[in-house]
Amino acid sequence: MKDVEILIQLQEVDFQIFKLRNTLENDPIRIKELEQQYQNKFAFLKGLEEEFKKVQVEHKEQELELGSREDAVSKYKTQLYQVKSNKEYNALQLEIERMKADNSLLEERIIVILEKIDKLKKEIETEKKVLQEEENRFKGEKAHIELEMKELKEKLDGLEAQRKRIISSSIKPEILTLYERILENKGELAIVPVKGEACAGCFMAVRPQVLNELKLGKLLTCETCSRILYVAGDENKT
Ligand SMILES: [Zn+2]
């Protein structure tokens with residue numbers, strides 16, 4: 001087999017290896033992104049639960065406050081029966097009215113707090129369901145990606161073995177070195193066909209002289225992108 005033919009075979013395998021490695025590099029990033037989405041939902045629920053606790057404490061405090069204020073009102077009311085003068089009676093009555101007005105303001109505040117508690121409770125229930133769904137989705141996708149990675153790694157092992165077999169066939173070491181240096185630079189393709197008298201790697205025109213020499217079986221690289229060129233069957237007829 002000619003060197004170029006071996007290189008074309010090698011390129012086919014290397015291109016698959018290139019794509020597999022890309023996927024294998026991206027898969028853990030995908031898992032991290034999914035995990036982050038789950039963590040965000042988790043943090044949101046925790047935030048709601050914290051707020052819920054705080055509002056509950058506030059509610060308890062306000063109820064206690066209201067209780068002691070109502071006690072004070074009752075105490076003042078019993079004092080009404082014990083006062084001696086009208087003036088004192090009126091002053092006490094006024095104070096009781098003032099306290100009652102304050103208490104009804106406090107009651108209104110408590111109602112607002114209770115509404116908030118109710119709203120938070122519903123929100124937490126909803127978010128718990130959302131989080132559960134998110135967790136299931138995350139676990140499912142993670143398992144799926146991990147399985148895919150396992151399969152891809154096995155496939156990669158197979159390709160690496162195939163690559164070794166191709167290299168061990170009779171390819172000139174200096175040509176292999178050239179190919180591998182270009183592959184390292186370009187990442188994807190090191191040997192490309194000439195298509196419509198242009199390099200299929202960079203799409204720049206190939207000079208007729210170069211094309212002729214390629215057709216004669218010479219190993220040449222593209223003058224623009226430095227990739228190794230070859231002439232495929234179709235191009236030979238033109
Ligand atoms: Zn080129």
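**Contacts, core, sheet and domains**

Q: What makes L7, L10, A190, I191 and I228 count as residues that Y179 touches?
A: In this predicted model, Y179 touches L7, L10, A190, I191 and I228, leaving aside residues up to four places away in sequence.

Q: Which residues have the most contacts inside the largest nonpolar core?
A: They are Y179, I191, I228 and L229, in a core of 17 residues. Two or more residues come from each of α1, α3 (173–186), β1 and β4.

Q: Why are β1 and β4 called paired strands?
A: Pairing requires at least two bridges. Strand β1 (residues 191–195) and strand β4 (residues 228–230) have 3 bridges, in the parallel sense, and therefore they count as paired. V192 has L229 of β4 as its bridge partner.

Q: Why do β2 and β3 stand at the edges of the sheet?
A: The open sheet has 4 strands in the order β2-β1-β4-β3, with mixed pairing. β2 (198–199) and β3 (220–221) each have a single partner strand, so one side of each lacks a neighbour in the sheet.

Q: How do you know that domain 1 and domain 2 are in contact?
A: The domain assignment gives domain 1 (3–168) and domain 2 (173–237). Between them, 10 residues of domain 1 are in contact with 12 residues of domain 2. Helix α1 (residues 3–80) gives the most to the side of domain 1 that touches domain 2, with 9 residues. That side divides into 7 nonpolar, 1 polar and 2 charged residues.

Notes. Residues are numbered from 1 along each chain as its sequence is written. This is a predicted model: local features need pLDDT of at least 70, side-chain atom pairs count only at pLDDT 80 or more; totals for chains, interfaces and linings use all residues. Domain bounds come from an automatic or database domain assignment. Two residues are in contact if their C-beta atoms, placed from the backbone, lie within 7 Å. Ala, Val, Leu, Ile, Met, Phe, Trp, Tyr, Cys and Pro count as nonpolar, Asp, Glu, Lys and Arg as charged, and the others, Gly among them, as polar. A nonpolar core is a set of buried Ala, Val, Leu, Ile, Met, Phe, Trp, Tyr and Cys residues joined through C-beta atoms within 7 Å. A residue is buried if 20 or more other C-beta atoms lie within 10 Å of its own, exposed if 12 or fewer, and partly exposed in between; C-beta atoms are placed from the backbone.
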